[in-house]
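Biologist: I would like to learn how to read charged contacts and a few backbone details in a model like this one. Could you take me through them one at a time?

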Amino acid sequence: MSSLPLPSPECDLHALAHHIKLWARELGFDQAGITDTDLRLEEPRLQAWLDAGYHGSMEYMERHGMLRARPDELLPGTLRVISVRMNYLPFEAGFAATLRDPRLGYISRYALGRDYHKVLRNRLKQLGERIEQACAGLGYRPFVDSAPILERPLAAKAGLGWVGKHSLLLNAEAGSFFFLGELLVNIPLPLDAPVEKEQCGKCTACLTICPTGAIVAPYVVDGRRCISYLTIESDDPIPVELRPALGNRIYGCDDCQLICPWNRYAGATPEPDFSPRPNLHRPPLLTLWSWDEPAFLKHTEGSPIRRIGYQRWRRNLAVALGNGPADAAVIEALEQGRPDASPLVAEHIDWALATLKTRAEEENKKTQRLIRCIEKGLPDHA
């Protein structure tokens with residue numbers, strides 16, 4: 001395991017900490033804070049979460065174990081963590097309109113633009129280079145979801161907000177629609193104070209709104225039920241009992257953020273890299289279903305969506321189509337995709353077709369019943 005070198009003793013650390021925050025702003029970050037590496041209070045919570053199996057098939061969570069709570073073991077020589085956040089909410093978010101239309105595919109708002117890993121990591125690297133110019137011997141390494149590290153507790157300790165009951169970081173001035181990143185450094189910068197207390201109060205809106213009941217207790221998410229896990233992380237079949245709850249969500253879910261009162265303060269980002277791509281913003285499901293694998297790879301180039309691969313993409317689309325209207329065009333498209341489907345996708349196509357045909361039969365029975373009532377001059381609820 002690599003480690004950081006010893007820093008120069010000549011740095012004015014208080015002045016440097018002030019400049020770090022200014023430089024972070026110049027690089028497009030909305031906030032930066034500094035904390036130490038002590039996450040001992042998080043270790044029992046992390047172990048309990050793992051013991052409950054809430055990580056599902058994400059075996060890497062268990063493999064790294066308590067290393068996630070020990071940044072100084074992840075990168076020996078680390079003394080401080082510079083935590084940053086960058087807003088990502090696009091100007092044309094279109095949350096409600098997309099969710100209300102079952103013919104459209106809903107993609108989590110963070111994934112509509114360029115892959116944030118690349119954007120934030122590049123900016124963090126530039127921040128490290130600026131600090132290095134001011135402090136000889138600086139050792140640093142940027143991380144953006146690229147290492148086993150508890151980024152939300154670190155960000156909370158650095159004063160960027162508090163961990164809400166949905167387990168995401170909340171900021172009183174910006175809500176939760178932002179990315180987090182970390183720069184591990186080997187200099188004893190002065191620490192920022194955390195937010196005095198979490199400000200969720202008695203609100204439980206996020207627990208109530210979760211379509212699959214994944215937030216099993218305040219601050220505790222059962223990943224196995226979370227739509228983001230089911231559509232992004234898991235490569236297994238989506239549990240049959242949870243498929244209807246996915247609705248038209250084909251990549252991730254924002255419901256717990258959309259309902260959160262603090263997100264009334266979330267502002268749109270000016271970052272062009274996070275602007276929605278036209279082919280992913282409120283896309284018709286049938287259009288997405290028509291993509292073959294080369295088209296999928298072309299349309300998702302540079303997007304975080306590409307990492308789930310074509311088969312999981314088709315799996316998610318089949319569920320969304322099955323949750324939509326029982327149109328002849330939808331049934332025909334699913335049937336045409338069945339012969340060449342992988343076993344994973346075929347299972348979900350079969351479920352979608354069975355669901356749509358059952359719905360079509362029910363709708364037909366209602367129509368026939370209404371016709372009979374009209375013919376007899378009876379109220380349509382008779």
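Modeller: Bear in mind that this is a predicted model. Let us begin with a pair of side chains, Asp-255 and Arg-249, which meet in a salt bridge with 2.9 Å from N to O.

Biologist: What is the general idea behind such a pair, and are Asp-255 and Arg-249 buried or exposed?

Modeller: In general, side chains of opposite charge can pair when their charged atoms come close. Here Asp-255 counts as buried because its relative accessibility is 9%, under the 20% limit, and Arg-249, at 11%, counts as buried as well.

Biologist: How many salt bridges does the structure hold?

Modeller: The structure holds 18 salt bridges. Another of them joins Arg-70 to Glu-43, with the closest N and O atoms 2.8 Å apart. Arg-70 sits in the loop between α3 (59–64) and α4 (71–74), while Glu-43 belongs to helix α2 (residues 43–51), so this pair ties together parts that are 27 residues apart in sequence.

Biologist: Which of the classes, buried or partly exposed, applies to Arg-70, and which to Glu-43?

Modeller: Arg-70 is partly exposed, its relative accessible area being 27%, whereas Glu-43 is buried, with a value of 17%.

Biologist: Which parts of the chain are tied together by the salt bridge between Lys-357 and Glu-335?

Modeller: The side chains of Lys-357 and Glu-335 meet at 3.5 Å, N to O. Lys-357 lies in helix α16 (residues 343–376) and Glu-335 in helix α15 (residues 328–337), so the bridge links parts that are 22 residues apart in sequence. Lys-357 is partly exposed at 39% relative accessibility, and Glu-335 is also partly exposed, at 38%. Salt bridges can also share partners, and in this way Glu-43, Arg-70 and Glu-73 are joined into one network.

Biologist: Now to charges that gather on the surface: which residues form a patch of positive charge?

Modeller: Lys-366, Arg-369, Arg-372 and Lys-376 gather in such a patch on the surface. One of these residues, Arg-372, is found in helix α16, the helix that also holds Lys-357. Arg-372 counts as partly exposed because its relative accessibility is 43%, between the limits of 20% and 50%.

Biologist: Let us turn to the backbone. What is the phi of Ser-167, and where is that residue found?

Modeller: Phi of Ser-167 is near 80°, which is a positive value in a residue other than glycine. Ser-167 is found in the loop between β5 (162–163) and β6 (169–170), and at 17% relative accessibility this serine counts as buried.

Biologist: What should I note about the phi of Tyr-219?

Modeller: Tyr-219 has a positive phi of about 75°, although it is not a glycine. The residue is found in the loop between β8 (215–217) and β9 (220–221). Tyr-219 is partly exposed, with a relative accessible area of 37%, whereas Ser-167 is buried.

Technical notes: Residues are numbered from 1 along each chain as its sequence is written. This is a predicted model: local features need pLDDT of at least 70, side-chain atom pairs count only at pLDDT 80 or more; totals for chains, interfaces and linings use all residues. Side-chain values use heavy atoms; hydrogens and water are left out. A salt bridge is a side-chain nitrogen of Lys or Arg within 4 Å of a carboxyl oxygen of Asp or Glu. Helices (H or I, at least four residues) and strands (E, at least two) are DSSP runs, numbered from the N terminus. Buried means under 20% relative accessible area, exposed over 50%, partly exposed in between (1.4 Å probe, protein chains only). Patches are made of residues with over 30% relative accessible area and no salt bridge: like charges are joined within 9 Å, nonpolar side chains (Val, Leu, Ile, Met, Phe, Trp, Tyr) within 5 Å. Accessible areas come from the Shrake-Rupley method with a 1.4 Å probe; for residues, only the protein chains shown count as cover. Lys and Arg count as positive and Asp and Glu as negative; His and the chain ends are not counted. The place of a charge is taken as NZ of Lys, CZ of Arg, CG of Asp or CD of Glu.
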